[in-house]
Amino acid sequence: MLPTIAWHEDNIVMVDQRKLPAHEVYVTCKTVHDVAKAIKTMVIRGAPAIGVCAAMGLALGAARSKATGTKQFTTEFQRTCDLLATTRPTAVNLFWAIERMKRSFAEGALAGESVDQLRARLRAEADRIHDEDVASCRSIGAHGATLVPAEARILTHCNAGALATAGYGTALGVIRGAVEAGRKVHVLADETRPFLQGSRLTAWELMRDGIETTVITDNMAGSIMLAGEIDLVVVGADRIAANGDTANKIGTYPVAVLAKEHGIPFYVAAPWSTIDLATADGSAIPIEERDRREVTHVGNTQLAPDGAPVRNPSFDVTPHRFITAIITERGIFRPPFAETLANLREERS
Ligand code: MRU
């Protein structure tokens, strides 16, 4: 399986996703500041991977802390939580993971654990978050496979694969699950302007797995759907509001609208840590604006005139009415999502 993120000699090592597919280079994070920078600069990206990385970063920060007393250790832990929370605003898994680490810390502190015990507890919780993410993806894959016909041409957008999770992937987990269940699958990977996660990362990881993949530019999806050459769409998510509205990589919404127009099922695959029941609908989801250079340049090649005004919202929100089903490790949720996801709320509490 792809090595998205792992411990190595008590440091965190991750594949540099900015350099793929041309170069397979690994970045070593020795401090929580290195981890924050890696998330912010997209060395590691994808909502579940960001959450796992933040949890591991908090464990790393605790391991590196020179504090001997609980009071100073607690203050430092709180600071590292605040630091990591500023890295990327849309992926709710980041905040989910930080909250989970805080809960674990609070439990230990309440039980009177020593600084060393708290360090060990944080490391164990981060490792659980990592391993649970892989398990969730596999379960999403198994559920999602049941929605894939014997032969399927599947469109996906961005990269919701092993690289975007601790391993296996969400949308690509569904594709992997379908292949493992014996379906004959051909994937169409939207290149995903401006950061090109589809052409650079999705095509790379699927081709490594020997899964047939064709890269298309984002503006080709409509005519290929009209030609009847796409059977279903599956994408990941950065945040799913209580009513099912889904934030995902910019360009997902137009794909969903096209799918509806052409009568093609549009599935969202995500772990339950991506479902944000505290956010009523998509209008309340914060959308990250990224550096203009992602739009004006590819690598060092300039694509727009100097000083050209640029917009770069990194995500869009697909209203729930365009979504056929949401595939989670808990099963497949169908509309009305406000009701079916509310049942999930009851199960979680
Ligand atoms: O900006 P990115 O590359 O972090 O955006 C990633 C996406 O939008 C993914 O589709 C989403 O996080 C789901 S990943 C399983």
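Trainee: Which residues lie nearest the centre of the largest pocket?
Mentor: The model is predicted. In it, 15 residues line the largest pocket. Helix 10 (293-296) and strand 12 (297-298) each give two or more residues to that lining. Nearest the centre lie Phe 195, Glu 294, His 297, Val 298 and Gly 299.

Trainee: How do the residues of that lining divide into nonpolar, polar and charged?
Mentor: The largest pocket holds about 400 Å³ of space. Its lining divides into five nonpolar, four polar and six charged residues.

Trainee: At what angle do the axes of helix 4 and helix 5 cross?
Mentor: Two packed helices are described by the angle and the distance between their axes. Helix 4 covers residues 92-110 and helix 5 covers residues 115-145. Helix 4 passes helix 5 in a right-handed crossing. Their axes come within 10 Å and cross at roughly 145°.

Trainee: How do the residues of the contact of helix 4 with helix 5 divide?
Mentor: On the helix 4 side, the residues include Trp 96, Arg 100 and Phe 105. Those they meet in helix 5 include Leu 118, Glu 125 and Ile 129. The contact divides into nine nonpolar, two polar and six charged residues.

Technical notes: Residues numbered from 1 in each chain as written. Predicted model: local features only at pLDDT ≥ 70, side-chain atom pairs only at ≥ 80, totals over all residues. Heavy atoms only, no water. 1 Å grid on protein atoms, 1.4 Å probe; cavity = no way out; pocket = protein on both sides within 12 Å on 5 of 7 lines; lining within 4 Å. Points joined across faces, edges and corners; volume = space filled by probe spheres on them. Helix = DSSP H or I, 4+ residues; strand = E, 2+ residues; numbered from the N terminus. Nonpolar A, V, L, I, M, F, W, Y, C, P; charged D, E, K, R; others polar. Axes fitted to C-alpha atoms, helices over the stretch in contact; angles between N-to-C directions. Left-handed = near helix turned anticlockwise from the far one by under 90°. Contact = heavy atoms within 4.5 Å.
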